[in-house]
Amino acid sequence: MEKMVRKKKVVYEDSDILIEIAPRDIELPDIVYDAIRNKGKPVFFQELVKEFSGIAGEDRVRKAVNHLLALKKIVEFPDGSLGTPDMKWEPTTIKRRRRRRTPRLMDVDVGETLYKVTT
(Lines give C-alpha, C1' and ligand atoms only; values in the text may rest on other atoms or scores of the structure.)
Protein backbone atom coordinates (compact mmCIF):
# COMPACT_ATOMS: atom_id res chain seq x y z
CA MET A 1 0.00 0.00 0.00
CA GLU A 2 1.22 3.46 -0.84
CA LYS A 3 1.26 5.93 1.99
CA MET A 4 -0.10 9.31 1.01
CA VAL A 5 1.78 12.29 2.37
CA ARG A 6 -0.47 15.20 3.22
CA LYS A 7 0.94 18.69 3.04
CA LYS A 8 0.31 20.40 6.37
CA LYS A 9 -0.56 24.08 6.48
CA VAL A 10 1.81 25.48 9.08
CA VAL A 11 0.94 28.96 10.33
CA TYR A 12 3.68 29.36 12.94
CA GLU A 13 6.56 27.22 14.08
CA ASP A 14 9.37 27.60 16.57
CA SER A 15 11.30 25.30 18.91
CA ASP A 16 8.42 25.09 21.44
CA ILE A 17 5.20 25.19 19.41
CA LEU A 18 3.78 24.29 16.02
CA ILE A 19 0.48 25.81 14.84
CA GLU A 20 -1.32 24.32 11.84
CA ILE A 21 -4.59 25.12 10.10
CA ALA A 22 -7.31 22.51 10.65
CA PRO A 23 -8.55 20.67 7.55
CA ARG A 24 -11.55 22.07 5.70
CA ASP A 25 -14.76 20.06 5.39
CA ILE A 26 -13.84 19.09 1.82
CA GLU A 27 -10.51 17.60 2.92
CA LEU A 28 -11.78 15.74 5.99
CA PRO A 29 -13.27 12.62 4.28
CA ASP A 30 -9.92 11.81 2.66
CA ILE A 31 -8.09 12.27 5.96
CA VAL A 32 -10.61 10.06 7.80
CA TYR A 33 -10.31 7.41 5.06
CA ASP A 34 -6.50 7.45 5.36
CA ALA A 35 -6.76 7.11 9.15
CA ILE A 36 -9.04 4.06 8.85
CA ARG A 37 -6.88 2.49 6.15
CA ASN A 38 -3.64 3.09 8.06
CA LYS A 39 -5.04 1.36 11.19
CA GLY A 40 -5.26 -1.86 9.17
CA LYS A 41 -8.30 -3.11 11.10
CA PRO A 42 -11.89 -1.95 11.57
CA VAL A 43 -12.23 0.94 14.03
CA PHE A 44 -15.16 2.24 16.04
CA PHE A 45 -16.49 5.75 15.51
CA GLN A 46 -15.46 6.82 19.02
CA GLU A 47 -11.86 5.84 18.23
CA LEU A 48 -11.94 8.18 15.24
CA VAL A 49 -13.40 10.97 17.36
CA LYS A 50 -10.57 10.57 19.88
CA GLU A 51 -7.96 10.54 17.11
CA PHE A 52 -9.36 13.72 15.56
CA SER A 53 -9.97 15.58 18.82
CA GLY A 54 -8.46 19.03 18.55
CA ILE A 55 -8.51 18.79 14.75
CA ALA A 56 -12.19 18.29 13.95
CA GLY A 57 -15.29 17.99 16.11
CA GLU A 58 -17.51 14.93 16.40
CA ASP A 59 -20.13 16.36 14.02
CA ARG A 60 -17.56 17.02 11.30
CA VAL A 61 -16.11 13.51 11.67
CA ARG A 62 -19.65 12.04 11.53
CA LYS A 63 -20.37 13.95 8.30
CA ALA A 64 -17.10 12.70 6.79
CA VAL A 65 -17.89 9.09 7.78
CA ASN A 66 -21.42 9.29 6.35
CA HIS A 67 -19.98 10.81 3.17
CA LEU A 68 -17.49 7.93 2.81
CA LEU A 69 -20.28 5.41 3.42
CA ALA A 70 -22.34 7.01 0.64
CA LEU A 71 -19.36 6.75 -1.71
CA LYS A 72 -18.86 3.11 -0.61
CA LYS A 73 -15.22 3.81 0.24
CA ILE A 74 -15.83 2.40 3.73
CA VAL A 75 -18.36 -0.08 5.13
CA GLU A 76 -20.04 -0.48 8.50
CA PHE A 77 -19.67 -3.95 9.95
CA PRO A 78 -22.42 -5.62 12.05
CA ASP A 79 -20.82 -4.57 15.36
CA GLY A 80 -20.76 -0.92 14.24
CA SER A 81 -17.06 -0.76 13.42
CA LEU A 82 -15.92 0.96 10.24
CA GLY A 83 -13.39 -0.28 7.72
CA THR A 84 -12.51 -0.41 4.06
CA PRO A 85 -14.34 -3.04 1.96
CA ASP A 86 -11.19 -5.18 1.71
CA MET A 87 -10.61 -5.33 5.50
CA LYS A 88 -11.20 -8.62 7.27
CA TRP A 89 -13.85 -8.34 9.98
CA GLU A 90 -13.76 -10.65 12.97
CA PRO A 91 -16.84 -10.82 15.21
CA THR A 92 -16.40 -9.46 18.72
CA THR A 93 -18.54 -9.78 21.81
CA ILE A 94 -18.88 -5.99 21.85
CA LYS A 95 -21.89 -4.60 20.04
CA ARG A 96 -21.58 -0.84 20.17
CA ARG A 97 -24.11 0.32 17.61
CA ARG A 98 -27.79 -0.60 17.37
CA ARG A 99 -28.81 1.58 14.45
CA ARG A 100 -26.91 1.61 11.17
CA ARG A 101 -25.43 4.86 9.94
CA THR A 102 -27.20 6.70 7.14
CA PRO A 103 -24.91 7.29 4.14
CA ARG A 104 -25.15 10.93 3.03
CA LEU A 105 -23.07 12.94 0.62
CA MET A 106 -21.70 16.18 2.02
CA ASP A 107 -22.91 19.47 0.58
CA VAL A 108 -19.87 20.94 -1.10
CA ASP A 109 -19.99 24.26 -2.95
CA VAL A 110 -17.12 23.68 -5.31
CA GLY A 111 -17.14 24.27 -9.04
CA GLU A 112 -15.30 21.07 -9.85
CA THR A 113 -16.27 17.50 -9.01
CA LEU A 114 -14.20 16.14 -6.14
CA TYR A 115 -15.95 12.80 -5.68
CA LYS A 116 -17.57 10.34 -8.03
CA VAL A 117 -20.39 8.14 -6.78
CA THR A 118 -19.93 4.55 -7.93
CA THR A 119 -22.54 1.85 -7.64
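This is a predicted model: local features need pLDDT of at least 70, side-chain atom pairs count only at pLDDT 80 or more; totals for chains, interfaces and linings use all residues.
## Helix H1 and its packing

Helix H1 comprises 12 residues, 28-39, and spans 17 Å between its first and last C-alpha atoms, close to the 16 Å expected at 1.5 Å a residue. The buried residues of H1 are Leu28, Pro29, Val32, Tyr33, Asp34, Ala35, Ile36 and Arg37. These buried residues pack against helix H2 (45-51), helix H3 and strand E4 (82-83). Just after H1, Gly40 adopts a positive phi of about 85 degrees.

## Val43 and Ser81

Val43 is located in the loop between H1 and H2, and Ser81 in the loop between E3 and E4. The two residues are 38 residues apart in sequence, while their C-alpha atoms are 5.2 Å apart in space. Val43 counts as buried because its relative accessible area is 1%, under the 20% limit. Ser81 is likewise buried, at 2% relative accessibility.

Leaving aside residues up to four places away in sequence, Val43 touches Ile36, Leu48, Ser81 and Leu82. With the same exclusion, the contacts of Ser81 are Pro42, Val43, Phe44, Val75, Glu76 and Trp89. The side chain of Ser81 also forms a polar contact of 2.7 Å with that of Asp79.

## Salt bridges

Side chains of opposite charge can pair when their charged atoms come close. The whole structure contains eight salt bridges. In one of them, Arg60 pairs with Asp25, with 2.7 Å between the closest N and O atoms. Arg60 belongs to helix H3 and Asp25 to the loop between strand E2 (18-20) and H1, so this pair ties together parts that are 35 residues apart in sequence. Arg60 is partly exposed, at 25% relative accessible area, and Asp25 is partly exposed at 38%. A further salt bridge joins the side chains of Glu27 and Arg24 at 3.8 Å, N to O; Glu27 is partly exposed, with a relative accessible area of 23%.

Arg62 is partly exposed at 28% relative accessibility, whereas Asp59 is exposed at 54%. Glu58, Asp59 and Arg62 are linked in a network of salt bridges.

## Backbone at Lys72

Lys72 lies in the loop between helix H3 (58-70) and strand E3 (75-76). The phi of Lys72 is near 65 degrees, a positive value in a residue other than glycine. Lys72 counts as exposed because its relative accessibility is 51%, over the 50% limit.

How values were computed:
Residues are numbered from 1 along each chain as its sequence is written. Side-chain values use heavy atoms; hydrogens and water are left out. Helices (H or I, at least four residues) and strands (E, at least two) are DSSP runs, numbered from the N terminus. Buried means under 20% relative accessible area, exposed over 50%, partly exposed in between (1.4 Å probe, protein chains only). The expected span of a helix is 1.5 Å times one less than its number of residues. Contact means heavy atoms within 4.5 Å. A polar contact is a pair of N or O atoms within 3.5 Å; within protein, one must be able to donate a hydrogen and the other to accept it, and residues adjacent in sequence count only if both atoms are side-chain atoms. A salt bridge is a side-chain nitrogen of Lys or Arg within 4 Å of a carboxyl oxygen of Asp or Glu.
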